[in-house]
Amino acid sequence: MKINTQDLRIMLRTAWSILNFQFSIGTIMDVRIDQSWKQHLQTEFDKPYFKDLTDFVKVEYAHGPVYPPGKLIFNAFDLCPFDKVKVVIIGQDPYHEPGQAHGLCFSVQDGVQFPPSLRNIFKEISDDLGKPVPQSGDLTRWARQGVLLLNATLTVRAGQAGSHQGRGWEEFTDAVIRELNASRDGLVFILWGSYAKKKGAVIDRSRHLVLSSAHPSPLSAYNGFFGNHHFSQTNKWLTDHAQTPIDW
């Protein structure tokens with residue numbers, strides 16, 4: 001098979017971008033991210049803001065506790081390849097206390113007490129679908145079924161909520177949403193709270209299902225989160241579009 005000069009340049013540029021990304025951030029942490037995302041987001045890795053972001057993140061991890069563990073920064077992408085995404089849930093910041101964050105929004109590692117928002121999510125699932133509240137708050141089981149659990153900001157300094165906001169992560173995750181919106185069809189985007197709604201403003205409602213409500217935080221859950229039936233609505237959409245529903 002012959003490869004023309006232009007295709008060869010594209011292949012080399014993509015390979016170099018991926019290698020540069022892996023070297024720049026992987027030198028101090030064993031970052032894992034599925035190959036499909038590297039291919040779809042390689043133009044982002046080339047941009048100056050991403051280099052600045054990478055430099056900032058490396059310094060932060062080198063000088064004190066930062067969550068999630070470095071190798072799990074892109075855990076949401078590693079567990080849920082681009083072409084396997086069926087549902088996108090948008091969060092804001094990783095949890096900032098020890099043992100909680102592991103790269104999936106709203107999720108905590110096994111053995112960790114459920115944060116209030118996650119507890120309310122499980123309550124809504126139970127009310128909506130009649131399922132018992134699970135014993136584990138680890139939502140890896142969702143990610144492996146095609147739920148991209150995407151925080152807007154992928155890292156945070158220990159004990160300091162919002163400490164890595166405004167450093168470039170939001171631009172990167174905006175690009176993730178744009179790429180999914182443009183390159184995939186029939187996805188479900190779940191937007192809880194005003195922040196997620198603003199981040200999801202670019203989504204084409206004629207091609208994707210967008211479900212929005214109040215945030216599951218105790219401060220707002222009774223103002224529209226409880227009773228939103230997002231989990232049953234998501235599964236109905238997936239079934240109607242010949243896809244396997246999520247076992248929430």
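Predicted model: local features only at pLDDT ≥ 70, side-chain atom pairs only at ≥ 80, totals over all residues.
I looked up N181 first: it counts as buried because its relative accessibility is 11% (buried means under 20% relative accessible area, exposed over 50%, partly exposed in between, with a 1.4 Å probe and protein chains only). Residues are numbered from 1 along each chain as its sequence is written, and side-chain values use heavy atoms, with hydrogens and water left out.

**More on N181**

I found N181 in helix α7, residues 169–183 (helices are DSSP runs of H or I with at least four residues, strands are runs of E with at least two, and both are numbered from the N terminus). What does the side chain of N181 reach at 2.8 Å? I got the backbone nitrogen of D204. D204 is also on the list of residues that N181 touches, along with V202, I203, R207 and H208, leaving out residues up to four places away in sequence (contact means heavy atoms within 4.5 Å).

**L149**

Next I went to strand β3, residues 147–151, where L149 sits. Buried or exposed? L149 counts as buried, because its relative accessibility is 2%. I then checked I90, which is 59 residues from L149 along the chain, and the two C-alpha atoms are separated by 6.4 Å. L149 touches A76, I89, G103, L104, C105, L139 and W142, again not counting residues up to four places away.

**The largest pocket**

I looked up the volume of the largest pocket and got about 500 Å³. A pocket is an open set of points on a 1 Å grid over the protein atoms alone, where a 1.4 Å probe fits, with protein on both sides within 12 Å along at least five of seven lines; lining residues have an atom within 4 Å of a point. Volume is the space filled by probe spheres set on the points, which are joined across faces, edges and corners.

There are 31 lining residues, and Q92, D93, Y95, F106 and H215 lie nearest the centre. β2 (87–91), α5 (116–129) and α8 (193–199) are the elements that give two or more residues to this lining. α8 has the largest share, with four residues.

**Whole chain**

Zooming out, I noted nine helices and six strands. Of the 248 residues in the chain, 52% are buried. For contacts with a separation of 6 or more, 67% join residues 24 or more positions apart.

Terms used
Polar contact = N/O pair within 3.5 Å; in protein donor to acceptor, adjacent residues only side chain to side chain.
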